[in-house]
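Good morning, and thank you for making time for this presentation. Please take a look at the structure on the screen, and I shall then go through a few of its contacts.

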Amino acid sequence: MTVLDNAVLGQQVAPQADPRDPQVRLQALFDDGTLRPLTAPHDRDDSGMLAGLGRVEGVPVVGFASDPRIQGGALGSAGCEVIVQAYDAALRERVPIVGLWHSGGARLREGVESLHGVGRIFAAMTRASGIVPQISVVLGPAAGGAAYGPALTDIVILSGDGRVFVTGPDVVRSVTGEDVDMARLGGPEPHSRRSGVVHMVTDTDAEAVAHARRLAALLGHQGTLRLRSVTDIDFGSLLPESTKRAYDVHPLLDGLLDGPAGTETGIVELHPKWAPNIVTALGRLGGRTVGVIANNPLRLGGCLDALSAEKAARFVRMCDAFGVPLVVVVDVPGYLPGLGQEWDGVVRRGAKLLHAFAEATVPRVTLVTRKAYGGAYIAMNSRALGATKVLAWPTAEVAVMGPVAAVRILHRRRLAEVPEDQRATVEAELAAEHQQLTGGLDRAKELGVIDQVISPDQTRTAIARAITEAGPARGAHSNIPL
Amino acid sequence: MAEIRAEMVANVWKVLVAEGDDVSDGDTLVILESMKMEIPILAEDAGTVGQLKVAEGDVVQEGDLIAVIE
């Protein structure tokens with residue numbers, strides 16, 4: 001094993017270098033020539049772990065990487081100590097920390113000593129939770145302790161060859177008899193769609209590291225909202241004419257923030273394929289980092305359900321912990337009812353979203369574009385939960401439920417007496433009457449649950465102004481992986 | 001081959017493809033009606049509709065097979 005000093009670490013590694021070398025991986029994470037080791041050179045022995053301080057888009061960031069060439073990157077007590085020291089450094093400097101994982105878990109040969117070391121990593125991560133942003137990139141198999149390490153952090157990125165599981169296929173087969181391969185057990189497909197363990201998946205390591213850089217910069221250097229740089233876009237044509245029609249909310253979000261997804265300033269969506277009926281994304285508005293939460297009517301009609309509430313709750317708490325203002329885009333027909341949801345704990349998990357919004361102190365601006373019905377209206381950062389400002393487009397409907405559904409309950413007997421061929425007409429009449437009585441948007445404004453009805457072509461400036469006027473704030477809590 | 005399954009309990013409101021049709025990624029196959037919303041079911045890959053398991057007016061349960069794209 002080569003002994004490295006500062007000067008060597010700062011230089012480009014020769015092209016024939018092993019791509020699994022943690023030094024090569026950390027150099028890819030940091031801006032050219034900025035990597036400085038955090039541990040003394042002699043520590044780079046057989047611990048299989050390297051930690052350094054560098055810069056990402058000029059922002060100081062701590063990084064560490066396991067060495068899969070030494071015992072498969074397994075974590076011994078010395079390697080664990082390197083990670084704990086990296087966390088101490090990140091906390092001391094108040095900078096984001098990025099872990100590059102490729103490790104089979106605790107070292108068997110060290111027995112309980114390695115387990116103790118892995119536990120110390122978990123404690124360090126929890127100590128740092130909500131104080132400095134933590135990002136994990138899984139580049140190879142990450143089992144046991146190496147799986148729970150990333151899981152304790154704020155954002156997990158899984159590369160194409162990355163695998164995350166409690167234990168691999170061989171042990172699974174021997175203890176339960178289940179026959180399953182690594183990819184199906186803990187690869188990108190199950191973790192991006194089914195488990196929600198990882199926030200992003202990429203085909204290549206280079207893309208995974210690029211995402212980590214982008215996120216470290218968004219969270220580590222949030223910038224200042226320059227109101228004058230915010231120009232308006234007319235979103236008026238984005239909604240379908242029929243209020244029953246589903247549509248994809250992504251084009252709206254692309255326009256709402258400074259750039260569309262995939263561009264340098266564009267939004268970065270977290271958990272895009274898991275609980276896709278709600279969108280959680282980071283991006284910039286007027287140059288400042290903001291978090292966006294939006295119902296997506298294209299999936300499950302945009303309903304909130306157990307998973308989407310839990311996904312959004314964790315995102316709200318992360319943004320609040322790091323002082324990232326929230327923009328909440330509401331078009332929600334309600335909480336999804338039914339047997340599956342109740343057994344899935346929609347009440348328990350839905351409560352997490354209520355709690356997350358109600359405790360958040362960061363500026364949080366709600367925009368109701370279309371429907372905001374029932375319990376889901378409350379949950380989507382309503383005035384009652386402490387929204388900084390609630391804006392609505394003229395197309396917004398705020399109610400316990402849709403007018404037709406409401407009159408079917410309120411006038412059930414009367415409607416039952418109406419001949420079937422006239423029922424739709426009577427329903428429509430009653431619905432119009434109901435709208436007038438309950439008051440729609442005007443009544444919501446009177447009550448103060450909506451502050452302002454804005455034209456879609458004023459959306460960006462109205463949101464930016466509300467965030468600016470609120471001033472900075474940051475919640476004082478950790479970010480438990482809900 | 002990709003199986004497309006219902007994400008929620010719903011009525012099948014419209015069926016827009018037939019077995020043997022070629023579809024592209026993002027094409028609408030079926031429109032479900034649930035929670036008083038029209039919810040399109042989209043192809044997630046390009047291919048041919050190998051099987052179509054629903055007809056207009058059917059009720060699908062969460063997890064029911066709607067179509068297979070080959």
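Predicted model: local features only at pLDDT ≥ 70, side-chain atom pairs only at ≥ 80, totals over all residues.

Which residue of chain A forms a salt bridge with Glu7(B)? The partner is Arg299(A), and the closest N and O atoms of the two residues are 2.6 Å apart.

On the side of chain A that touches chain B, 10 residues are nonpolar, four are polar and six are charged.

How many residues does each chain bring to the contact? Chain A supplies 20 residues and chain B supplies 11 residues. The size of an interface is often expressed as the accessible area that is lost when the parts come together. Here, the two chains bury about 1,400 Å² between them, and carbon and sulfur atoms account for 59% of that area. In chain A, the residues that lose the most area to chain B are Lys244(A), Leu298(A) and Leu300(A), which together make up 37% of what that side buries.

I turn next to salt bridges in general. Over all chains, the structure holds 24 of them. One of these joins Asp31(A) and Arg213(A), with 3.0 Å between the closest N and O atoms. Asp31(A) sits in the loop between helix 2 and strand 1 of chain A, whereas Arg213(A) belongs to helix 9, so this pair ties together parts that lie 182 residues apart in sequence. Are these two residues buried or exposed? Asp31(A) is buried, at 18% relative accessible area, and Arg213(A) also counts as buried, at 19%.

The salt bridge of Arg173(A) and Asp170(A) has its closest N and O atoms 3.6 Å apart. Both residues lie in helix 6 of chain A, and because they are three residues apart, about one helical turn separates them. Arg173(A) is partly exposed, at 37% relative accessibility, while Asp170(A) is exposed, at 60%.

Glu189(A) and Arg194(A) also meet through their side chains in a salt bridge, at 3.3 Å from N to O. Of this pair, Glu189(A) is partly exposed, with a relative accessible area of 36%, and Arg194(A) is exposed, with 56%.

Now to the backbone. Most residues other than glycine have a negative phi. Arg94(A), however, has a positive phi, near 55°. Arg94(A) is found in the loop between helix 3 and strand 4 of chain A, and this residue is exposed, with a relative accessible area of 56%. His271(A) likewise has a positive phi near 55°. His271(A) lies in the loop between strand 9 and strand 10 of chain A, and with 5% relative accessibility this histidine counts as buried.

Finally, chain B. Its open sheet of four strands has the order 5-4-2-7, with antiparallel pairing. Strand 5 and strand 7 stand at the edges with a single partner strand each, so one side of each has no neighbour in the sheet. Strand 4 and strand 5 of chain B run antiparallel and are joined by six bridges. Within this pairing, Leu32(B) has Ile39(B), in strand 5, as its bridge partner.

Thank you; I would be glad to take questions.

How values were computed: Residues numbered from 1 in each chain as written. Chains lettered and ligands numbered in written order. Heavy atoms only, no water. Contact = heavy atoms within 4.5 Å. Buried area = accessible area lost by both parts, 1.4 Å probe. Salt bridge = Lys/Arg side-chain N within 4 Å of Asp/Glu carboxyl O. Nonpolar A, V, L, I, M, F, W, Y, C, P; charged D, E, K, R; others polar. Helix = DSSP H or I, 4+ residues; strand = E, 2+ residues; numbered from the N terminus. Buried < 20%, exposed > 50% of the residue type's maximum accessible area, 1.4 Å probe, protein only. Pairing = 2+ DSSP bridges.
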